[in-house]
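Hi,

Here is the structure I promised to pass on. Have a look at it first, then read my notes below.

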Amino acid sequence: MMNIMMHSDFSEIQTMEQKLDGQVFWQPEFATGIQVIDDQHRVLIAMLNEANMKINDHSPSSELDLIVQGLLNYAGYHFGTEERFAADSGYFDKQPEEASAHLAQHHAFADRVTQIKQELGSGQRISKADLVAFLKSWLINHILNTDMKLGAYLRTATG
Ligand SMILES: [Fe+2]
Ligand SMILES: [Fe+2]
């Protein structure tokens, strides 16, 4: 917000405010209470916001591909962290249904994003709105419903 206030030219301010549209801001409700997971979620949200700012419907597919690949890489790293925490804390034994549902959601996301990459690679156009809406709704739903349960378990399991 500081940066916006420092600009004196009104049209520039307006453009920047329009670009803030659709940005995701960190909410206290997003916190699982597990620092490493929450920090990684902040990075994912920042990457999503960066994608939202950078791309438009005329972005070349090479640029979209780069952004999607970056998200896929970091999401993979993040999923690995959560899955290691889950395995190390006995989540798979104590709450097998929840744990396997969690794993399945990670896999489904990676599969869908890989599919999007293939579609981009084959020259298919993907609307920015569709792409951003999918990423945003998946991430937020997953954090609020699925990661939250893992966080609650980890908080009691690790004291
Ligand atoms: Fe997760
Ligand atoms: Fe997560």
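Helix 4 and helix 6 pack at an angle of about 165°, with their axes 10 Å apart, so they are roughly antiparallel to each other (angles over 145 degrees count as that; axes are lines fitted to C-alpha atoms over the stretch in contact, and angles run from 0 to 180 degrees between N-to-C directions). By class, their contact has 14 nonpolar, 7 polar and 3 charged residues. Among the residues that meet there are Leu64, Val68 and Phe79 in helix 4, and Phe109, Val113 and Lys117 in helix 6 (in contact means C-beta atoms, placed from the backbone, within 7 Å).

This is a predicted model: local features need pLDDT of at least 70, side-chain atom pairs count only at pLDDT 80 or more, and totals for chains, interfaces and linings use all residues. Residues are numbered from 1 along each chain as its sequence is written, while chains are lettered from A and ligands numbered from 1 in the order in which they are written.

Now for helix 6 itself. Residues 96-121 make up this helix, and its 26 residues reach 37 Å from first C-alpha to last, close to the 38 Å expected at 1.5 Å a residue (that is, 1.5 Å times one less than the number of residues). Its buried residues are Ala99, His102, Phe109, Val113, Ile116 and Leu120 (buried: 20 or more other C-beta atoms within 10 Å of a residue's own). They pack against helix 4, helix 5 and helix 7.

Overall, the protein has 7 helices and 0 strands (DSSP runs: H or I, at least four residues, for helices; E, at least two, for strands).

Cheers

Definitions and conventions. Buried ≥ 20, exposed ≤ 12 C-beta atoms within 10 Å, placed from the backbone. Contact = placed C-beta atoms within 7 Å. Parallel < 35°, antiparallel > 145°, perpendicular 65-115°, else oblique. Nonpolar A, V, L, I, M, F, W, Y, C, P; charged D, E, K, R; others polar.
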